[in-house]
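Welcome, and please open your viewer. This tour goes from one selection to the next and says what is there at each stop.

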Amino acid sequence: MRDKWYVNTIQSPPPECEQYLITDDVGEMQVAYWTNYSSVLGEVTNIWRWVGLRQYTHVVAWRLLPEAYKEEH
């Protein structure tokens, strides 16, 4: 199975609060949270955004996180 990256300018993640693996504009990967919750307003808004990233990070592509490793018995 091959994992798929989505180009952020073409397709945003679905409107569900979830963590994703992202690639930024300098080629580094980070785990980011996609949400419509505004910590400034303290409520849910109509605007979806990436949070949990280093300041001034521009998301180029995103993908679902892989499943965590589970030891086989």
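Strands, labelled E, are DSSP runs of at least two residues, numbered from the N terminus. With that in hand, please keep in mind that this is a predicted model.

**The whole chain**

Begin with everything shown as a cartoon. How many helices and strands are there? The protein has 0 helices and 5 strands, so please remember that a strand here is a DSSP run. Read from the N terminus, the elements run β-β-β-β-β. The C-alpha trace spans about 45 × 30 × 20 Å along its principal axes. Among the 73 residues of the protein, 26% count as buried. As for contacts with a separation of 6 or more, 47% of them are between residues 24 or more positions apart.

**The sheet**

Now colour the strands one by one. In what order do they lie? The 5 strands form an open sheet in the order E1-E5-E2-E3-E4, with antiparallel pairing. Select 6-7 and 43-51 to see the edge strands, E1 and E4, each of which pairs on one side only. In general, strands of a sheet pair through backbone hydrogen bonds.

Zoom in on E1 and E5, which run antiparallel and are joined by 2 bridges. Select Val-7 here: opposite it, in E5, stands Ala-61.

**The nonpolar core**

Next, select Tyr-20, Ile-22, Ala-32, Trp-34, Trp-50, Val-59 and Trp-62, and show their side chains. These 7 residues are the largest nonpolar core. At least two residues of this core come from each of strand E2 (18-24), strand E3 (29-38) and strand E5 (59-64).

Centre the view on Ile-22. What does Ile-22 contact, leaving aside neighbours within four places in sequence? Its contacts include Trp-5, Met-29, Ala-32, Trp-50, Leu-53, Val-59 and Trp-62.

**The aromatic rings**

Keep the side chains on and select Tyr-6, Tyr-20, Trp-34, Trp-48, Trp-50 and Trp-62, which form one aromatic cluster. The count of aromatic pairs comes to 5. One of the pairs is Trp-34 with Trp-48: it is stacked, at 6.1 Å centre to centre and 20° between the planes. Because Trp-34 lies in strand E3 and Trp-48 in strand E4, this pair ties together parts that are 14 residues apart in sequence.

Turn to Trp-34 and Trp-50, an aromatic pair that is tilted, at 4.8 Å centre to centre and 55° between the planes. This pair ties together parts 16 residues apart in sequence, because Trp-34 lies in strand E3 and Trp-50 in strand E4. Both Trp-34 and Trp-50 are buried.

**Last stop: Ile-47**

Finally, select Ile-47, whose place is in strand E4. Is Ile-47 buried or exposed? Ile-47 is exposed, because its relative accessible area is 54% and the cut-off for exposed is over 50%. Not counting residues up to four places away in sequence, Ile-47 touches Thr-35 and Asn-36. To finish, draw a C-alpha to C-alpha distance from Ile-47 to Thr-57: they are 10 residues apart in sequence and 18 Å apart in space.

Technical notes:
Residues numbered from 1 in each chain as written. Predicted model: local features only at pLDDT ≥ 70, side-chain atom pairs only at ≥ 80, totals over all residues. Heavy atoms only, no water. Core = buried A, V, L, I, M, F, W, Y, C linked by side-chain atoms within 4.5 Å. Buried < 20%, exposed > 50% of the residue type's maximum accessible area, 1.4 Å probe, protein only. Helix = DSSP H or I, 4+ residues; strand = E, 2+ residues; numbered from the N terminus. Contact = heavy atoms within 4.5 Å. Pairing = 2+ DSSP bridges. Phe/Tyr/Trp six-rings, centres within 6.5 Å; stacked < 30°, edge-to-face > 60°.
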